[in-house]
Amino acid sequence: MTDYQVIWKGPVLDASGYGIASREYVLALDRLGVDLKIQPYTWNFPYEFNDQNKKERLLQLINNPYKENRQKILIYHCPPGNLKDIENDRKKYDRILLNTVWETAGVPGSWLPVINACNGICVPCSLNVDGLKKSGVKTPVYLVPHGADTQTFNPENKKFTFKEAKNKFIFVSIFDFQHRKNPETLLKAYWSEFTSRDNVLMIIKTYGSSRRKIVNSISNYKRRLGFTGGTAPLRVLTGILPEEQLKGLYTLGNAFILPTRGEGVGLPYMEALSSGIPVIATGWGGQMDFLNEQNSFIINYKLKDPRKSMYSGSAISRQYHRLFGQGDQLWAEADFDDTKRQMRLAYENRLLCIQKGNKGRLDMLNLTWDKAGNSMKRAIEETLLK
């Protein structure tokens with residue numbers, strides 16, 4: 001057991017991306033013998049645990065007492081905008097680390113004071129490291145990548161049951177229904193490149209708004225684009241899928257696609273590759289720390305001001321104006337024609353998809369949460385020494 005105690009303030013019981021990462025970071029540190037006390041918070045997306053041992057251990061760490069005779073380092077695992085009482089916390093703890101993630105070329109200027117008030121900041125990708133430094137962050141920045149859950153997501157998982165998918169090439173896309181994920185280019189490229197005569201099906205699993213709002217947004221967008229009869233089939237799943245169905249959705253697919261505008265990590269990309277299917281993705285963002293031409297189909301892009309697409313008439317999903325519309329941001333706009341080209345290339349080359357998926361699986365086996373835990377532990381101990 002370490003001679004210091006980590007107080008981890010994170011959503012360890014949530015089903016969100018932050019929740020997944022929070023659980024895995026904490027458990028990795030726990031396996032390394034770090035003395036941990038969890039202070040959980042929630043965004044009200046409760047996670048349904050299949051692994052009861054994991055849940056029990058997290059609850060034990062939540063109930064772990066504070067150790068009065070040890071140095072204490074508080075780790076916030078949240079967006080910088082969520083930090084409300086940092087000055088008071090600076091008086092209570094020996095050091096403070098912020099563990100966070102961001103999706104554009106630089107962080108909003110309004111976040112700089114709170115980031116610089118911490119003793120260090122941990123981020124999961126090289127894009128974030130560069131963006132923080134260029135934005136004027138003065139506190140030490142540590143690269144602490146995420147791991148891939150290759151045990152949960154693997155090629156042997158039973159395929160999702162979907163009768164319409166029989167003998168078809170399946171594109172799978174999984175994302176929060178927000179503007180940053182770029183559902184506009186995804187849908188327009190699919191309907192433009194494929195018709196009902198192609199042996200193809202796209203399945204979108206999304207969430208973030210009511211099913212009625214999501215389906216209406218997609219239907220209205222399709223109508224505005226002028227697509228009527230004869231388009232390639234699309235099926236939309238909403239809400240939270242049970243884990244077994246989510247795992248099977250990946251293995252049902254021949255390729256995963258998301259022409260995102262920006263990612264800090266891109267967990268669905270990791271889950272897809274872990275499941276043995278290739279990725280079609282924008283060639284910019286945190287995902288480019290592990291995506292390449294050997295495991296993916298990479299889409300060309302141009303960096304643009306988020307406001308250009310957010311305030312356009314084509315935007316169909318949640319937009320987060322307050323964060324992405326501040327005027328000091330850049331993200332990637334996937335090239336429309338190249339998105340179509342990469343989709344067609346995957347569709348016409350199933351063997352290539354299998355080869356890329358197999359390489360992706362091997363790549364993900366090297367991205368473990370134990371490695372992530374070691375990186376986090378080094379950041380903690382370097383911060384305590386300063």
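Mentor: Start with the whole chain. With 386 residues, a compact globule would have a radius of gyration near 21 Å, and the chain agrees, because its value is 21 Å. That radius is taken over C-alpha atoms, and the globule rule is 2.2 Å times the number of residues to the power 0.38. This is a predicted model, where local features need pLDDT of at least 70, side-chain atom pairs count only at pLDDT 80 or more, and totals for chains, interfaces and linings use all residues. Residues are numbered from 1 along each chain as its sequence is written, and side-chain values use heavy atoms, with hydrogens and water left out.

Along the principal axes, the C-alpha atoms fill a box of roughly 70 × 45 × 35 Å. The chain has 14 helices and 14 strands. These are DSSP runs numbered from the N terminus: helices are H or I with at least four residues, strands are E with at least two. Of the 386 residues, 58% are buried. Buried means under 20% relative accessible area, exposed means over 50%, and partly exposed lies in between (1.4 Å probe, protein chains only). A contact means heavy atoms within 4.5 Å. Among contacts with a separation of 6 or more, 74% join residues 24 or more positions apart.

Now the part I would pick: helix H9, residues 267-274. Eight of its eight residues are buried, so the rest of the structure largely encloses H9. They run Leu 267, Pro 268, Tyr 269, Met 270, Glu 271, Ala 272, Leu 273 and Ser 274. Note that Glu 271 is one of the buried set.

Most residues other than glycine have a negative phi. Asn 44 is not a glycine, yet its phi is positive, about 65 degrees. Asn 44 sits in the loop between strand S2 (35-40) and helix H2 (52-62). With 63% relative accessibility, Asn 44 counts as exposed. Tyr 320 also is not a glycine, and its phi is positive at about 55 degrees. Tyr 320 is in the loop between H10 and H11. At 35% relative accessibility, Tyr 320 counts as partly exposed.

Gln 319 is in the loop between helix H10 (306-310) and helix H11 (321-324). Gln 319 counts as buried, at 17% relative accessibility. Its side chain reaches the backbone oxygen of Met 310 at 3.3 Å. The side chain of Gln 319 also makes a polar contact with the side chain of His 321, at 2.9 Å. A polar contact is a pair of N or O atoms within 3.5 Å; within protein, one must be able to donate a hydrogen and the other to accept it, and residues adjacent in sequence count only if both atoms are side-chain atoms. Leaving out residues up to four places away in sequence, Gln 319 touches His 179, Met 310 and Phe 324.
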